[in-house]
Amino acid sequence: DLTLNSSTDIILDAGTQAVIFKDDGTQFGKIDNNSSNIRIYSGTTLNTSMTGANTAIAGDIDVGDDILLSSDNAAITFGADADFSLKQGGDGELLFKRNSTSNGTYPALIFENGETDIAVDDVLGMIHFRAPDEGTGTDAILVAASIVAKSEGDFSSSNNAKKLEFRTGAS
C-alpha cells in the first residue's frame with residue numbers, strides 16, 4: 001500500500017507526459033494535458049475534456065439518476081451550432097427555442113410513433129395533463145385532460161387520415 005497524507009498540496013508532475021492509472025499492468029484510466037485542456041480517459045478512450053469553466057464529453061452520457069441544472073438561466077442546447085435550447089423561463093415555464101435569427105426559421109416539436117403498420121384507431125401520440133401532487137389524492141391525481149392524435153384508417157402510401165381528440169376526466 002502507498003498512502004499519501006499531506007496538509008499541503010500533493011503534486012504529480014509528469015512534465016509533458018500523462019498520469020496513468022493501472023491495475024495489474026492494464027491501463028484503466030489516464031489524465032493528460034493537451035495545451036490548455038485537461039483530458040480524462042477511461043481505459044485508453046477519451047471521455048472528458050475540460051477547458052476553463054467548460055466541459056466537453058466525447059461520446060454518450062449515461063446518467064443513472066437525476067440531472068440538476070441549479071441556475072435559473074441554465075440551458076440544454078442541441079446541435080453543433082446550438083440550433084435549439086431548452087431552459088427555464090419564469091417560474092413554472094419551460095422554454096423550447098429555435099436559436100436561429102434568420103427569417104423563415106421556427107421551432108417544431110414532433111412526436112414520432114415507431115409503429116410500422118398504423119391501423120384504424122391506432123394512437124399516434126398523446127399529451128396528458130394532470131396534477132400528481134394534489135393533496136386529496138385518488139382521482140385528483142389522475143390524468144384530468146388529454147389531447148390525442150388517432151388514426152381514422154389504415155395508413156398507406158396515399159392515406160394518413162387522423163383526428164385530434166380532446167378528452168377530459170370522467171370522474
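This is a predicted model: local features need pLDDT of at least 70, side-chain atom pairs count only at pLDDT 80 or more; totals for chains, interfaces and linings use all residues.

Reply: Two strands are said to pair if DSSP finds at least two bridges between them.

The part in question is an open sheet of 5 strands with antiparallel pairing, in the order S1-S2-S3-S4-S5. Strand S1 (19-23) and S5 stand at its edges; each has a single partner strand, so one side of each is left without a neighbour in the sheet. On average, neighbouring strands of this sheet are turned by 15 degrees against each other, direction ignored.

S1 and S2 pair in the antiparallel sense over 5 bridges.

A pair of aromatic rings is described by the distance of the centres and the angle of the planes. The count for the structure comes to 2 aromatic pairs. Phe21 and Phe28 form one of them, with 6.2 Å from centre to centre and 45 degrees between the planes, and this pair is tilted. Planes under 30 degrees apart would count as stacked and planes over 60 as edge-to-face, so an angle between these limits gives the tilted class. Phe21 counts as partly exposed because its relative accessibility is 34%, a value between the limits of 20% for buried and 50% for exposed.

The next step leads from S2 to S3. Strand S2 (residues 26-34) pairs with strand S3 (residues 37-42) in the antiparallel sense over 6 bridges. The hairpin of S2 and S3 has 2 residues between the strands, and Ser35 takes a positive phi near 60 degrees there.

What is the bridge partner of Asp32 in S3? The partner is Arg39. Asp32 and Arg39 are linked through their side chains as well. Side chains of opposite charge can pair when their charged atoms come close. Arg39 forms a salt bridge with Asp32, in which the closest N and O atoms are 2.9 Å apart. This lies within the 4 Å that the salt-bridge rule requires. Are Arg39 and Asp32 buried or exposed? Both are buried. The structure holds 4 salt bridges.

Arg39 also leads onward to S4. S3 and strand S4 (residues 45-51) pair in the antiparallel sense over 5 bridges. In S4, Ser49 is the bridge partner of Arg39. The hairpin of S3 and S4 has 2 residues between its strands, and here Gly43 takes a positive phi near 65 degrees.

The sheet ends with strand S5 (residues 54-57), in which Ile57 is found. Ile57 counts as partly exposed because its relative accessibility is 38%. Ile57 also belongs to a nonpolar patch on the surface, together with Ile61, Val63, Ile67, Leu69, Ile76 and Phe78. The accessible area of these residues together is about 640 Å².

For comparison, consider another sheet. This open sheet of 3 strands has the order S9-S10-S11 and antiparallel pairing. Its edge strands are strand S9 (123-130) and strand S11 (162-168), each of which pairs on one side only. Here neighbouring strands are turned by 10 degrees against each other on average, direction ignored. Strand S10 (residues 143-151) and S11 pair in the antiparallel sense over 7 bridges, and Ser151 has Lys162 in S11 as its bridge partner.

Glu165 forms one with Lys150, the closest N and O atoms being 3.5 Å apart. This pair links distant parts of the chain, for Glu165 lies in strand S11 and Lys150 in strand S10, 15 residues apart. Glu165 counts as buried because its relative accessibility is 17%, and Lys150 counts as buried at 14%. Glu165 forms a further salt bridge with Arg167, at 2.7 Å between the closest N and O atoms. At 33% relative accessibility, Arg167 counts as partly exposed. Salt bridges that share partners join Lys150, Lys163, Glu165 and Arg167 into one network.

Definitions and conventions: Residues are numbered from 1 along each chain as its sequence is written. Side-chain values use heavy atoms; hydrogens and water are left out. Patches are made of residues with over 30% relative accessible area and no salt bridge: like charges are joined within 9 Å, nonpolar side chains (Val, Leu, Ile, Met, Phe, Trp, Tyr) within 5 Å. Accessible areas come from the Shrake-Rupley method with a 1.4 Å probe; for residues, only the protein chains shown count as cover. A salt bridge is a side-chain nitrogen of Lys or Arg within 4 Å of a carboxyl oxygen of Asp or Glu. Helices (H or I, at least four residues) and strands (E, at least two) are DSSP runs, numbered from the N terminus. Buried means under 20% relative accessible area, exposed over 50%, partly exposed in between (1.4 Å probe, protein chains only). Axes are lines fitted to C-alpha atoms, for helices over the stretch in contact, and angles run from 0 to 180 degrees between N-to-C directions. Rings of Phe, Tyr and Trp (its six-membered ring) pair if their centres lie within 6.5 Å; planes under 30 degrees apart count as stacked, over 60 as edge-to-face and the rest as tilted.
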